[in-house]
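Morning, everyone. Please have a look at the structure before I start talking.

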Amino acid sequence: MKILIIEDERALQESILKYLEHQGFICEAVSDFMKGKEKVRQFAYDCIVVDIGLPYGNGLDIIKELKYMESKAGIIIISAKNRLEDKLNGLDLGADDYLAKPFYLSELTARINAIIRRRNFEGNKVITFHEIKLEAEARRVTVNDKPIDLTDKEYQLLEYFIANQRRTLTKGAIAEHIWGDEYLHVSNFDFIYSHIKNLRKKLIDAGSEDYIKTEYRTGYRFTEG
Amino acid sequence: MKLLTKTTLYFLIALIPLLAVAGFYLFNQFSKEINYRSDKELISAEIAWIRYLRSEAENGTTFILRTPDLSIFPTDAPIAERPTIVNTNGYGINEIPYRQLSQVVSISGNAYQIIIRQSQEQKTALVTDVTRIMLFVFIGLFVATLIFNWVISQRLWMPFRRSLNKIRSAELQRIEAIHFEQTNIKEFNELNASLNYMKGKIHKDYVNMKEFTENAAHEMQTPVAVVLSKLELLLQDNNLKDEQVQAVLESTSALRQLSKLNESLLLLAKIENNQFETTIEINLADITKKYLRLFDEFIKEKQLTVQTDFSFSFPVKLHPLLADSLIMNLLGNAIKYNYTAGKIEIAVSENSYHINNTSMLPPIQPGKLFMRLNTSDNNKQTSNGLGLAIVKKIADVNHLHIAYHAEDGVHSFDITKI
């Protein structure tokens, strides 16, 4: 999977690159509009992460360019301007998603995964992690080909865990992924505990290995061994 | 007091001495005229009397005549060449002004004093007349000025009124469209030119301010994003000690809070700048249903009983984003500050929206209710103290009234249209 990151803030670009590469993506990064345009013309990517405010140009114009080229790449806008107009503009132009800064790297990863899966019309849409298999379209989960019954939230949790496998995920990041930041208006993130407990129990009951590891006071990590 | 009324008043006050002087002058002129005529009559009467005396004196008669109006008697006084004519006030109680001619004449060698008086009663009448005329003039002027005033203020001040109305209805975000036009009055042109200049400056400042606020808030998110991403990567390091992990987590949480705070302040600024204009009518009951679904899990977890009455709809003109924010904050608070197995009641009527919840928290002090960044110690963790400030601001700019009331551990908010 090839990802292009167009982001002018070097430090952030580096973080994204590092995290995505660790999750198995092949990444390239550029930091201005010209180079971004050049790259998208020369190479085909599976997903492009583009900032709106760039030196020498606007990220939205790169989206226009991609659409003009009839590119199949998924597009995620990342912007410091959490403005409704920007978001609507970007989505209108054909971007797949919009993420306001600051965002969790784990969230970006989950969204990239979702977009690539959605865009991958011909290819298979099944996500596997050892004995666990997720059929994204049908939202069906099997463990050793035995279907298990998950709630919506549990399904989202599992999908998120697999996208960010082997990484430490904080409770805040998990809560925000599944409940959006509206949960902040209602509660702290202790409530995710029961959902994770249930998911873990269902997976183990179905014969899966116990992949959900509790990290001391931090959060969770989905990993083998 | 109106400017015109005041000017008129000054004008009328100034008119009083002027009219008095005019009256005095008028009286004098008339008086002189009357005197002149009296004098002519007196002299011709004297001449007639002298002629009569002379003809009678030839018969050797000596005259002594004393009537109020005519006295002729012999005297020792020296003979005068010319008659002296004076004003006198006569005798008795009714002081009627008289014109009096007196002369010592020689009639056949005898000196006679002749005094002829003529009543000048018309002078008294003249004073009254002149005063009356002046009074009429004054009243006439007064009435005329009132009418003029009205007409003038209707027509002459029209451009001023227009400008005033424009200023009154001016809204900051639409101030650029206002234009104070040319009139044919110099003063108003100066005023309007200044207003145009000021309007331009206000608009420019407003745009700058708006851009600055937005840019500042946005620019802040980028460095925060950088730090948060670095912290997230750092957390993946397996070699970190427990307290280091703890430090990373605490930094993350504080930075997240900062970022949310920034977002909320930005939202407040945008609401204040009226950047959420809309013509859409939204039914708050629908928004509430949406958030009840969204928060369903939290409601169930706290075992809250939610009683709703959506039999009416309460349509308000509100930007969808603000409607969301309003309900999210109110309902969110009702859940967050509730206790386990507590109650929430929501009632929507045709012209009001009511939400109440049970809570262990003491009532919010009225003065601190909608204040920004006023977090009580018991909810420092989950609140940035801007929720209610946002609610209040949304209500204020959208012509809604929000009231808070707490009794017996039940906190309620009521939204009504103004």
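This is a predicted model: local features need pLDDT of at least 70, side-chain atom pairs count only at pLDDT 80 or more; totals for chains, interfaces and linings use all residues.

Over all chains, the structure holds 32 salt bridges. I will pick out a few.

Some background. Side chains of opposite charge can pair when their charged atoms come close.

Start with A:Lys133. Its side chain meets that of A:Asp145 in a salt bridge, 3.4 Å from N to O. What parts does this pair tie together? A:Lys133 sits in strand 9 of chain A, residues 132-135. A:Asp145 sits in the loop between strand 10 (140-143) and strand 11 (146-148) of chain A. So the pair ties together parts that are 12 residues apart in sequence. Now the surroundings. A:Lys133 is partly exposed, at 31% relative accessibility. A:Asp145 is exposed, because its relative accessible area is 60% and the cut-off for exposed is over 50%.

Next, A:Arg140. It forms a salt bridge with A:Glu135, and the closest N and O atoms are 3.4 Å apart. Buried or exposed, or in between? A:Arg140 is partly exposed, with a relative accessible area of 42%. A:Glu135 is partly exposed too, at 25%.

Over to chain B. The side chains of B:Lys392 and B:Asp396 meet in a salt bridge, 3.5 Å from N to O. Where are they? Both are in helix 9 of chain B, residues 387-397. They are 4 residues apart there, so about one helical turn separates them. B:Lys392 is partly exposed at 26% relative accessible area. B:Asp396 is partly exposed at 39%.

Some salt bridges share partners. In chain A, such bridges join A:Glu7, A:Asp51 and A:Lys101 into one network.

Now the sheet. Look at strand 7 of chain A, residues 97-100. In a regular strand the side chains alternate between the two faces of the sheet. Which residues of strand 7 lie on each side? A:Asp97 and A:Leu99 are on one side. A:Tyr98 and A:Ala100 are on the other. All of them are buried, and both faces of the strand are covered.

Strand 7 of chain A has a partner. Strand 6 of chain A, residues 74-79, pairs with it in the parallel sense, over 4 bridges. Take A:Ile77 as an example: its bridge partner in strand 7 is A:Tyr98.

What do the two strands make with helix 4 of chain A, residues 84-93? Together, strand 6, helix 4 and strand 7 make a right-handed β-α-β unit.

That is my tour. Thank you.

Methods: Residues are numbered from 1 along each chain as its sequence is written. Chains are lettered from A and ligands numbered from 1 in the order in which they are written. Side-chain values use heavy atoms; hydrogens and water are left out. A salt bridge is a side-chain nitrogen of Lys or Arg within 4 Å of a carboxyl oxygen of Asp or Glu. Buried means under 20% relative accessible area, exposed over 50%, partly exposed in between (1.4 Å probe, protein chains only). Two strands pair if DSSP finds at least two bridges between them. A crossover is right-handed if, with the strands pointing away from the viewer, the path from the first strand over the helix to the second runs clockwise.
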